Amino acid sequence: MFELGFFNPGSSENRFLGIWYKATPEVVVWVANTQNPIIGLNGVLNLATNGNLFLSSSHGGTIIWSSNSSMAALSPVLQLLDTGNLVVVERSMNIWQSFDYPGNTRLPEMKMVNDPDTGLDKHLTSWKSPDDPSAGNFVYKIENVGLSQFSVTMESKKQYRSGYWDGIQFTGLPLIFYRDITSIKDFSSDGRLLSIVELYNSSSIMRLTLSYSGLLQRYIMNEERDGWVLAFSEPNDICNRYGWCGPNGICRAYKQPVCDCLRGFVPKSQREWNVLAWTSGCTRTPPLDCQKEDGFLKVERIKFPDTLSFRLNSSMSIDECHDECLKNCSCTAYANPYSGSESSACLMWFGDLIDVVEYTGDVIVGPSIFIRVPISELDHKADHNKRKRPAKIVFVAAAATSGMLVLGSCFGVIIFRRRHERQAYKKTREEFDLPLFSLATIAAATKNFSDENMIGEGGFGPVYKGELSPEQVIAVKRMSRSSGQGPEEFKNEVILIAKLQHRNLVRILGCCIEGEEKMLIYEYMHNKSLDYFIFDQNRSALLNWPMRFDIIMGIARGLVYLHHDSRLKIIHRDLKTSNILLDESLNAKISDFGLARMFQGNQTMASTKRVVGTYGYMAPEYAFDGKFSVKSDIFSMGVVILEIVSGKKNRGFNHPCYQNLLEQVWLLWKEGREMELMDPCYNSSYVEWQVKRCIKVGLLCVQNSADERPMMPSVVLMLSSEDTALPEPKKPGFLLHSSSCRPSQIYASGNSVTITEVEGR
């Protein structure tokens with residue numbers, strides 16, 4: 001599973017001793033000499049007879065790093081375990097292990113520790129950059145000041161904190177965080193979480209990495225075990241940035257603006273809030289007056305304020321906690337953090353309430369908190385609540401007038417509803433096998449689906465650009481109610497693409513299903529789609545021939561995976577230039593699997609009465625008879641190749657001599673003038689044999705008879721080799737007549753075409 005050796009991170013010339021995954025060597029999980037790189041290509045690792053490890057730049061050279069084991073050994077053995085732990089073993093006992101010195105990655109069975117009594121602290125530290133594994137600016141650790149929680153700090157300044165540890169799990173984390181975790185082993189003392197080890201499903205290969213930009217990211221290795229899928233990232237929205245709304249503010253990711261004041265408070269600086277700057281936070285109105293009676297507002301589904309100034313009493317009941325807080329003029333809120341456990345406890349906050357967030361979606365919610373307000377404010381808000389939430393008042397009144405029987409009935413309905421919601425969520429998550437994002441998170445990321453964030457619209461609905469964080473940009477595909485594709489297409493795309501992982505397929509990050517909302521969340525493609533470039537007179541010049549050829553090969557490799565190499569045989573059914581997305585490096589990614597179909601076993605063909613797709617890319621047997629197979633995708637691939645070479649659309653083609661692009665290619669190829677098809681914008685960068693081969697392979701792919709089209713592995717071989725013999729193509733599909741133009745007319749008008757938009761399906 002793992003390898004130990006010397007490596008150069010990124011583009012750095014410095015060498016380090018590290019451990020990485022054998023299947024993905026670029027993912028390094030531990031580095032020995034983080035602060036002292038080896039200069040040059042030499043490096044020596046020695047295991048001394050006393051069990052110490054020594055790293056030097058040469059035999060007998062200066063020691064760069066050592067393990068400094070405190071235990072002496074007589075016959076030590078160095079082992080690299082399948083867990084990724086490098087251990088020095090003496091008679092089956094570990095006298096030193098790399099797991100005691102974490103870097104930026106936490107692996108299953110690796111323990112995180114924060115024990116103030118012993119001073120033991122095991123935490124993650126980010127790299128300085130992708131090229132430099134020395135200690136960066138961010139630290140991820142257990143924090144045991146007040147309630148135990150995880151935090152990410154930058155130069156000791158808090159950037160993110162989890163919900164608190166309630167003795168079983170962390171509150172506030174989405175349920176997807178616990179996906180594939182079979183159990184959590186912890187050692188607690190007096191309510192503090194001193195250490196924790198997460199155990200995972202044995203079939204899952206997972207890691208948690210603290211990126212150099214401060215993001216906590218959990219990855220799961222894909223089923224082919226040759227790449228990674230991002231399963232979870234924090235902070236995943238703006239409200240998870242520490243103290244975003246300032247003192248006594250509350251952050252709600254689903255609202256605009258996201259910041260508001262807690263009840264009983266107003267903005268400290270209205271001018272700042274008017275320009276969406278919230279650092280000054282909120283102040284009480286009216287101020288508390290201990291000489292008068294105060295009360296407490298019950299607030300639910302929120303992240304507990306950070307325990308900066310607090311008092312925790314593990315033997316005090318919640319009623320006693322109320323009275324104790326009321327006696328102390330400095331007490332601003334109280335709660336029982338362990339209300340779900342057998343023992344009672346009282347947590348009181350003093351001073352400002354910092355980093356309060358309202359939870360949305362499917363998260364593990366802690367108990368309610370009671371915030372101190374003047375009694376006048378409480379009465380006013382109570383009247384307001386009666387109007388706003390009559391269900392609660394009805395519940396109380398029924399209990400008072402009808403006795404315990406009605407109270408029990410109402411309580412049962414509430415419990416049933418919550419259980420039903422949890423079961424529905426679990427069923428949805430298991431069915432789709434994907435992370436589920438909350439509507440609030442996606443709304444915040446897309447600025448509430450603003451027009452300025454809309455980057456496109458297809459048959460499914462609009463597509464929005466969103467930011468989960470400055471480092472994680474997403475594309476959100478939102479199904480519109482008027483969509484030609486319905487719930488079945490949505491479900492189909494989610495289930496299919498969740499099972500597919502390839503460098504030339506767009507990567508899905510998750511989905512959002514709340515109420516009538518159905519959304520797919522993808523990795524964001526910075527360079528949009530292929531048609532954005534090749535059909536535009538100005539942008540087409542940005543794609544020279546080597547780039548275009550690489551894109552063609554990328555699409556071909558993606559189709560080989562879909563048809564042959566994945567454990568599912570997938571027919572895309574809507575391959576076209578607008579469904580080829582380009583990443584930052586202009587790598588091609590096949591997208592939009594809403595119309596895709598999966599073949600079972602030895603199935604080679606299927607038929608449908610509902611022909612869907614895009615005219616101009618459909619194979620004849622599919623357009624006329626509803627029959628589809630891998631060969632119908634290959635026809636679409638041929639059209640895409642010829643559009644990339646020529647820079648012209650097959651659909652919407654307007655020429656006095658040719659009915660479509662396929663006919664023009666066919667007739668020019670027959671006359672040996674196929675090079676006239678080249679888009680002039682790459683005239684100075686083309687490789688002639690590659691262009692000619694692409695045109696001929698494109699023609700072979702668009703043969704009228706499906707049996708005469710090559711399979712995708714053959715297409716890749718024919719495109720990549722100049723010497724591979726090719727069969728002679730016949731007339732393409734959809735050619736109903738031959739051109740009546742004379743050669744001179746064809747030549748004179750070869751570039752006289754008009755470009756129109758592809759018709760939407």
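Is the link of Cys261 and Cys282 left-handed or right-handed about the S-S bond? The angle is -85 degrees, and the link is left-handed.

This is a predicted model: local features need pLDDT of at least 70, side-chain atom pairs count only at pLDDT 80 or more, and totals for chains, interfaces and linings use all residues. Residues are numbered from 1 along each chain as its sequence is written, and side-chain values use heavy atoms, leaving out hydrogens and water.

**View 1. Cys261 and Cys282 form a disulfide (a pair of cysteine sulfur atoms within 2.5 Å).** Their sulfur atoms are 2.1 Å apart. Cys261 sits in strand β23 and Cys282 in strand β25 (residues 282-284), 21 residues apart. Helices (H or I, at least four residues) and strands (E, at least two) are DSSP runs, numbered from the N terminus. Cys261 is buried, at 9% relative accessible area. Buried means under 20%, exposed over 50%, partly exposed in between (1.4 Å probe, protein chains only).

**View 2. A disulfide joins Cys245 to Cys259.** The S to S distance is 1.9 Å. Cys245 is in the loop between β21 (228-234) and β22 (249-251), and Cys259 is in strand β23 (residues 259-261). Cys245 is buried at 3% relative accessibility.

**View 3. Cys321 and Cys346 form a disulfide.** The torsion about their S-S bond is about 65 degrees, so the disulfide is right-handed. Cys321 lies in helix α2 (residues 318-327) and Cys346 in strand β29 (residues 346-350).

**View 4. Cys512 is in no disulfide.** The nearest cysteine sulfur, that of Cys511, is 7.7 Å away. Cys512 is buried, with a relative accessible area of 0%.
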